[in-house]
Amino acid sequence: GRIPRIVILGAGYGGIVTAIRLQKELNYNEADVTLVNKHDYHYITTHLHMPAAGTDKPENARVDITKLIDEYKIDFVKSTVTQIKLDDQKIILEDSAISYDYLVIGLGGEPETFGIPGLQEYAMNIRSINSVRLIREHIEYQFAKYKREPHRLDYLTFVVGGAGFTGIEFIGELADRIPRLCAEFDVDPSLVRIYNIEAAPTVLPGFDSELVEYAMKVLEDKGVTFKIATAIQECTPQGVILATGEEIRSSTVIWTGGIRGNRMLAEAGLETMRGRVVVDPYLRTKEYENVYVIGDCSIVMNPEGRPYPPTAQIATQQGQTCSYNLVASIRNAPLKEFKFQNKGVVASLGKGEAIGVVGKYKMKGATAAFMKKLVDMRYLFIIGGIPLVLRKGRL
Ligand code: FAD
Ligand code: NAD
């Protein structure tokens, strides 16, 4: 009969791993696989805090997709998905349309603003190569502007909203970069303010409290001021207004207050929770058994019935199970249930500093920083083997 057509939307962690696995597992003429992504590169999101602060180049956080896949086996389409038509088994792209027999949705997340006024308009987000380029250029420009208007201390005030892992990793890099910018632009470092504002009673809510304390100490020593148990209530062109009524005047607000699923899932008529789809044990939607959802757009419940946090780690593992199940479906073989294997969490606090929990081991400082590099390199190895580790790995 006709060769089944698999379409993968998004070449993030989930999508690229699915594609790479399919090209390995499928036999000749068993299926046509098409991968669609907005850009012709995959971005290593877990590195983005560095180019955002300007401590590394954006080029180091991206890899050309055609270097990762075999174009004889997978059709790569560089385009933006504009609509998912599940009843018609059809995907509308900005410039064309494609139909599928099996669909994998791995379009990632979007910033969650909780409807807080002004965040959409005046805050920046760490989410893609283009968004971090903007942040880096913006930060440098504030130093340049300050030299012309030395009364404008808001140009030297930096606000990071949300102290989850994204906020903490970014502020660690920012605190490393500021002294260098001060030297470059001849600005007195004592005039710079770096705030991290967190609504919960602690930074990194839910994480090991001893490591949280360590992280705060490391970052405070680098000049970061934390405001915890303090929600951002509004973002304005002048800065932020906190729930306490206090205003912080700042020309740079980076919002790291969390993410939600890509809006196209709800628009496609799927049932969503904060934009994310609760998938069945095989990673399929409840509504359509030929539609898989993986990564930040999906929700997998842990044994206690709470969603696992959206991470690159789970997205990568989902990509592996998803590709297995696609191959099994095509061969009429039994599907495999997805089981998350938590390999731990390691978060960087800037150069040479990190915290982490791996199995029952807690780590901090140089050991954790080394572990972080190994975790990052392991992922490069999964998607691109030794050559990619050598090209993009950072030790
Ligand atoms: P993504 O990686 O977000 O990729 C989605 C892809 O879809 C992108 O390529 C995008 O261009 C494409 N796309 C989106 N919309 C469209 C469209 N309309 N048309 C076509 N293509 C589209 N997790 C960890 O486990 N460990 C870490 O150390 C870690 N560090 C992080 C550090 C930072 C600074 C950030 C921001 C996140 C970090 N995370 C980490 C979380 C992790 O990055 C995400 O959970 C992960 O990227 C989700 O993968 P994904 O496959 O769902 O989608
Ligand atoms: P998050 O949801 O984990 O954290 C957002 C933080 O913002 C929370 O602590 C929340 O209390 C706070 N917040 C929300 N509203 C606020 C308000 N109005 N004012 C002030 N603070 C507010 O989001 P994230 O940090 O972007 O992380 C997203 C996912 O990516 C998570 O699953 C995380 O584990 C993962 N991640 C992992 C790593 C790592 O492993 N190294 C790094 C980055 C991200």
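User: Why is ligand 2 said to lie between domain 1 and domain 2?

Analyst: In this predicted model, the shell around ligand 2 takes residues from domain 1 (5-38 + 79-111 + 259-342) and also from domain 2 (113-257 + 344-395), so ligand 2 lies between them.

User: Which residues come nearest to ligand 2, and how many residues are around it?

Analyst: There are 26 residues around ligand 2, and those that come nearest are G162, G164, F165, G258 and P309. A residue is counted here if its C-beta atom, placed from the backbone, lies within 6 Å of the ligand.

User: What makes α6 stand out in the shell around ligand 2?

Analyst: Both α6 (165-185) and β22 (345-348) supply at least two residues of that shell, but α6 gives the most, with 4 residues.

User: How do the residues of the shell around ligand 2 divide into nonpolar, polar and charged?

Analyst: The shell holds 15 nonpolar, 9 polar and 2 charged residues, with Gly counted among the polar ones.

User: Which strands pair with β9, and in what sense?

Analyst: Strand β1 (residues 5-9) pairs with β9 in the parallel sense over 4 bridges, and I8 has V104 as its bridge partner in β9. Strand β20 (residues 291-293) also pairs with β9 in the parallel sense, over 3 bridges, and there V291 is the bridge partner of L103. At least two bridges are needed for two strands to pair.

Key: Residues are numbered from 1 along each chain as its sequence is written. Chains are lettered from A and ligands numbered from 1 in the order in which they are written. This is a predicted model: local features need pLDDT of at least 70, side-chain atom pairs count only at pLDDT 80 or more; totals for chains, interfaces and linings use all residues. Domain bounds come from an automatic or database domain assignment.
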